Amino acid sequence: MAEPSLVAAGEEPEERAIEAALRPKNLDDFVGQHRVRKQLSLVLQASRMRGRTADHVLFSGPPGLGKTTLAMIVAAEMNAPLRLSSGPAIQHAGDLAAILSSLSEGEVLFLDEIHRMSRPAEEMLYMAMEDFRVDIVVGKGAGATAIPLELPPFTLVGATTRAGLLPGPLRDRFGFTGHLEFYSVPELELVLRRSAGLLDLKVNSAGFAEIAGRSRGTPRIANRLLRRVRDWALVHGIEQIDARAASAALDMYEVDKKGLDRLDRAVLDALITKFGGGPVGLSTLAIAVGEETETVETVAEPFLVREGLLGRTPRGRIALAPAWTHMGYAIPSNVFAQEQLDLFEPGVEAPATGEWAPEGQ
Ligand code: ADP
């Protein structure tokens, strides 16, 4: 398999430490997401005024947009301790019971990737969220008994990249749901300004704009690219990072002007040069770029679809007109006609493209 790409790279321990250091600690420092911020602020303020534990909160949206950061802010704003866990770590109801029974009053429990929790644990969570109580089952078969266990009031903060996969009963038990949107370029510039300040880096406005434009609407990626630009500037002895330096650095890391990385470009290039722009099946496309089907589908495709570069049709993937231009090819005259045919073929439903899958980070 090819090297992991920069934008979807796994987190190194050092990167995690830096990411933690760059996290905004309160709602005022949290950039963008105005609607969610305003609503959440009200929920938290009202709980504080009533002297009550805050309602359960769910954050949904693609990876790297700030769900974990907001969970930490909820705890900080409520002046409450925070416990971190995740859906995949809770495979048995007993795992959840162990966590719940050790919570202190008012504690904030953050469950990342909550849609990946096991079914029995999920059912236990319903009762815990609603009645602050769980039934611990002791013994097996006919002799099994359920021992009720009272829990202190706590706040559950759930995060999911796939809100559509959450069962209704679980979704309904959250008092507040915030859906995070991708960030605009000016918002990402603000994220970068803040991070550059914390990392003691000199970057001018054009430099920030250059990095923000390549960050795929995602603060985590913006911060990651900033660190790579910092490395490049250090090695090249550049004190103040401007657009030229940022551009040269990110070109070297194969992150292009639109934020496409090596894999994204390989997918589009194969689609255009090997399959005449498609339609072509996903698995064939994945083989052509030497990647797993799942990697192409979950890492490259959501962004390419969102950018209007790639289309998903009942007959396979197609390169849309802007993809030809972006990759430096002339748009063949039949592309528009073909797109119309494939995208709007009557009576055939195109596959859903709305869900966001984890980017392996
Ligand atoms: P998620 O949990 O949605 O995957 P995180 O909360 O871990 O995302 O955010 C990833 C990184 O991006 C954090 O380290 C934080 O520094 C940065 N970040 C996310 N949202 C914001 C924001 N609104 N303002 C500033 N930085 C942000």
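Student: Which residue just after H10 takes a positive phi?

Tutor: Helices here are DSSP runs of H or I with at least four residues and strands are runs of E with at least two, numbered from the N terminus. The model is predicted, so local features need pLDDT of at least 70 and side-chain atom pairs pLDDT 80 or more, while totals for chains, interfaces and linings use all residues. Residues are numbered from 1 along each chain as its sequence is written, and side-chain values use heavy atoms, with hydrogens and water left out. Just after H10, a positive phi of about 60° is taken by Glu254.

Student: Which residues of H10 are buried, and what do they pack against?

Tutor: Buried means under 20% relative accessible area, with exposed over 50% and partly exposed in between, using a 1.4 Å probe and protein chains only. In H10, which spans residues 243-252, the buried residues are Ala245, Ala246, Ser247, Ala249 and Leu250. Packing rests on contact, that is, heavy atoms within 4.5 Å, and the partners of these buried residues are helix H8 (205-213), helix H9 (219-235) and strand S9 (240-241).

Student: Why can the buried residues of H12 be said to line one face of the helix?

Tutor: The buried residues of H12, a helix of residues 282-289, are Leu282, Leu285, Ala286 and Val289. An α-helix has 3.6 residues a turn, so residues three or four places apart point the same way. The arc is taken from the directions between the helix axis and the C-beta atoms. Seen down the axis of H12, its buried residues line one face because they fall within an arc of 100°.

Student: Which residues is Val296 in contact with, leaving aside its neighbours within four places in sequence?

Tutor: Val296 lies in helix H13, and helix H13 (293-306) is one of the elements that the buried residues of H12 pack against. With a relative accessibility of 2%, Val296 counts as buried. Leaving aside neighbours within four places in sequence, its contacts are Val267, Leu282, Ala286, Val289, Glu291 and Glu301.

Student: With which side chain does the side chain of Thr160 make a polar contact?

Tutor: Thr160 belongs to strand S6, residues 155-160, and is buried at a relative accessible area of 1%. A polar contact is a pair of N or O atoms within 3.5 Å; within protein, one must be able to donate a hydrogen and the other to accept it, and residues adjacent in sequence count only if both atoms are side-chain atoms. At 2.7 Å, the partner of the Thr160 side chain is that of His115.
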